Amino acid sequence: MENPNQVVLLETMLLIRRFEEKLEALSKEPGKLHGMMIVCTGQEAVAAGVSAALEPQDVIISNHRSHGHLIAKGAEINLLMAEIYGKRTGYNKGKSGTLHIAVPEVNALCTTTVVGGGIPIAVGTAFAAQYENKDFVTVCYFGNGAADEGSFHEALNLAALWNLPVIFVCENNVYSGAQRQEEHTRVKDLADRAAAYGMASQIVDGNDVQRVYEATAEAREKCLAGDGPILLEFKTYRWGGHSTTDHQVYQPKEEIEQWKQRCPIEKLKKELLGAGVLTEATWQQLNEGVMKQVEQSVQFAEESPWPDVTEALEDIFA
Ligand SMILES: Cc1ncc(C[n+]2csc(CCOP(=O)(O)OP(=O)(O)O)c2C)c(N)n1
């Protein structure tokens with residue numbers, strides 16, 4: 001297992017951060033974006049570290065907090081931004097908007113906002129891999145709240161029973177909507193639940209991109225050797241409210257500040273500056289390059305056409 005390029009990891013996290021900062025800014029401008037934006041600010045190391053350990057053929061199933069997962073898996077931000085704007089050039093022809101984006105081009109097969117709804121779907125794609133003897137794993141992203149849904153328990157049980165090549169990625173960001181974890185379960189470490197199904201699990205610092213990468217790479221190897229599935233619980237924190245319409249009154253300011261001190265981007269940046277891999281000048285260049293890409297994606301989206309009304313009933317199954 002070869003370590004990923006650390007500057008690429010940093011760039012991926014930075015791209016996710018700047019892309020979503022832009023979405024937050026645009027959502028405050030009248031007439032730009034439709035609906036609320038659900039961002040993963042503070043949690044970027046999970047998406048970046050997980051995807052660094054995956055191959056193009058590996059499948060991801062995402063949830064409502066999806067932008068980071070999609071960007072890290074290789075989705076192009078022009079097409080993502082256009083989709084979020086609802087434009088014809090977006091990945092799903094403007095019909096998905098921010099919450100349901102699928103990017104089959106990079107095997108990001110499904111984003112579902114039904115909390116816990118993606119977990120059985122991931123068991124399905126993992127079953128397909130096993131049944132057809134194909135060399136790919138499925139990664140399923142979900143939050144700590146989703147781990148209290150019935151679908152989580154049924155899906156994990158079946159995945160373990162059938163030894164399926166699926167990596168269950170629980171992004172434990174402390175909250176689930178406005179509820180803290182201790183308000184919806186007495187279990188402290190959700191990874192403990194894997195034992196109930198005879199499944200392996202690991203608790204990992206979700207703000208350390210290298211640790212995230214290593215845990216996922218190891219899990220992937222196990223899955224491909226027929227030794228799956230596994231539950232990875234990444235401990236992290238949601239800096240913002242549940243969405244851009246949430247005023248965060250329930251989140252203690254000191255808690256947010258403490259977690260900001262553990263910013264995954266700052267952590268890696270500091271390490272790379274210390275190791276001489278990065279200088280302040282190359283960091284500036286990286287940041288400016290990322291901001292330019294994000295600005296270009298906005299321009300692409302704004303200049304793109306709206307879908308035609310005649311297409312409204314295309315691409316639907318019922
Ligand atoms: C089945 C279902 N119940 C409730 C909701 C409303 N809802 C949307 S996101 C969310 C919180 C999910 O929390 P968690 O799974 O911890 O993910 P996070 O938002 O923290 O990333 C809720 C309750 C929903 N979309 N689907």
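A search of the whole structure finds one cavity of 30 Å³ or more; a cavity is a set of points on a 1 Å grid over the protein atoms alone where a 1.4 Å probe fits but cannot get out. The model is predicted, and local features need pLDDT of at least 70, side-chain atom pairs count only at pLDDT 80 or more, and totals for chains, interfaces and linings use all residues. Residues are numbered from 1 along each chain as its sequence is written, and side-chain values use heavy atoms, without hydrogens and water.

**The largest cavity**
- Its volume, the space filled by probe spheres set on the grid points, is about 70 Å³.
- Of the 15 lining residues (those with an atom within 4 Å of a point), Asn-63, Val-114, Gly-116, Tyr-141 and Phe-142 are the closest to the centre of the largest cavity.
- Strand β3 (138–143) gives the most to this lining, with four residues; strands are DSSP runs of E with at least two residues, and helices are runs of H or I with at least four.
- The lining of the largest cavity has seven nonpolar, eight polar and no charged residues.

**Helices α4 and α11**
- The axes, lines fitted to C-alpha atoms over the stretch in contact, of α4 (residues 77–85) and α11 (residues 280–303) come within 8 Å and cross at roughly 50°.
- Therefore α4 is oblique to α11, as angles under 35 degrees count as roughly parallel, over 145 as roughly antiparallel, 65 to 115 as roughly perpendicular and the rest as oblique.
- Contact (heavy atoms within 4.5 Å) involves residues including Ile-77 and Tyr-85 of α4 and Gln-293 and Phe-300 of α11.

Definitions and conventions. Axes are lines fitted to C-alpha atoms, for helices over the stretch in contact, and angles run from 0 to 180 degrees between N-to-C directions. On a 1 Å grid over the protein atoms alone, a cavity is a set of points where a 1.4 Å probe fits but cannot get out, and a pocket is an open set with protein on both sides within 12 Å along at least five of seven lines; lining residues have an atom within 4 Å of a point. Ala, Val, Leu, Ile, Met, Phe, Trp, Tyr, Cys and Pro count as nonpolar, Asp, Glu, Lys and Arg as charged, and the others, Gly among them, as polar.
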